[in-house]
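Me: Please consider the structure below with me. I shall ask about it step by step.

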Amino acid sequence: YTGTFLDDYNVTDRLLIFLGLYHGLLFVKYATALFVDDVPGDVTIQLNRQEFTENKLIKLQQDDVIEVDLDLGSGGPDATAANTLRGPKAPSIPDVTIHDKDDDVVYLDYPGYENYYRDMLHAD
């Protein structure tokens with residue numbers, strides 16, 4: 001089957017229409033590729049987490065230094081760190097520890113974890 005809607009055009013006009021439509025579709029394809037991410041956000045987060053863990057555990061990268069202002073006005077400049085930390089305005093120091101075991105999240109669809117919670121209850 002061939003259409004008859006371009007029968008009124010000569011060969012040169014048909015070729016120009018074809019090339020215009022072809023390049024228009026290419027433009028739409030590349031414009032769409034610019035605006036749609038190749039990697040979903042959750043995959044990016046997991047890749048960053050994997051890189052962080054690899055740097056810390058395999059490459060033995062040092063932890064970041066967290067600066068905590070221990071002089072909060074409660075003990076003056078002569079106050080020791082221990083006294084300042086025990087005071088009412090003690091700073092909140094974030095816990096950046098990487099633990100060997102993480103029980104907070106269990107992927108029940110992963111093989112071997114079907115009976116995880118049952119085994120945890122019987123272990124106690």
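Me: In which helix is the place of F18?
Reply: Helices are DSSP runs of H or I with at least four residues, numbered from the N terminus. The model is predicted, with local features needing pLDDT of at least 70 and side-chain atom pairs counting only at pLDDT 80 or more, while totals for chains, interfaces and linings use all residues. Residues are numbered from 1 along each chain as its sequence is written, and side-chain values use heavy atoms, leaving out hydrogens and water. Residues 11-35 form the helix that holds F18, namely α1.

Me: Is F18 buried or exposed?
Reply: Buried means under 20% relative accessible area, exposed means over 50%, and partly exposed lies in between (1.4 Å probe, protein chains only). F18 has a relative accessible area of 53%, so this residue counts as exposed.

Me: Which residues make the nonpolar surface patch of about 410 Å²?
Reply: Patches consist of residues with over 30% relative accessible area and no salt bridge; like charges are joined within 9 Å, and nonpolar side chains (Val, Leu, Ile, Met, Phe, Trp, Tyr) within 5 Å. Accessible areas come from the Shrake-Rupley method with a 1.4 Å probe, and for residues only the protein chains shown count as cover. The patch is made by L15, F18, L19 and Y22.

Me: How many aromatic pairs does the structure hold, and what is the angle between the planes of F18 and Y22?
Reply: Rings of Phe, Tyr and Trp (its six-membered ring) pair if their centres lie within 6.5 Å; planes under 30 degrees apart count as stacked, over 60 as edge-to-face and the rest as tilted. The structure holds one aromatic pair. In this pair F18 and Y22 are stacked, 6.3 Å centre to centre, and the angle between the planes is 15°.

Me: How many residues apart are F18 and Y22 in helix α1?
Reply: Y22 is partly exposed, with a relative accessible area of 43%. About one helical turn separates F18 and Y22, because their distance along helix α1 in residues is four.

Me: How many salt bridges are there?
Reply: A salt bridge is a side-chain nitrogen of Lys or Arg within 4 Å of a carboxyl oxygen of Asp or Glu. R14 forms one with D7, at 3.8 Å between the closest N and O atoms, and K59 forms one with E54, also at 3.8 Å. D63 and K56 meet in another, at 3.1 Å from N to O. By this rule the count is three.

Me: Is K56 buried or exposed?
Reply: Its salt-bridge partner, D63, is exposed at 52% relative accessible area. K56 has a relative accessible area of 11%, so K56 is buried.

Me: Which helix has the lowest mean pLDDT among the elements of the chain?
Reply: pLDDT is the predictor's confidence in each residue, from 0 to 100. The chain averages 76, and 57% of the residues score at least 70. Helix α1 has the highest mean, 96. The lowest mean, 48, belongs to residues 81-86, helix α3.

Me: How many contacts does the stretch of residues 75-85 have beyond near neighbours in sequence?
Reply: Contact means heavy atoms within 4.5 Å. Over residues 75-85 the pLDDT is below 50. Beyond near neighbours in sequence, the number of contacts of this stretch in the model is 13.

Terms used: Helix = DSSP H or I, 4+ residues; strand = E, 2+ residues; numbered from the N terminus.
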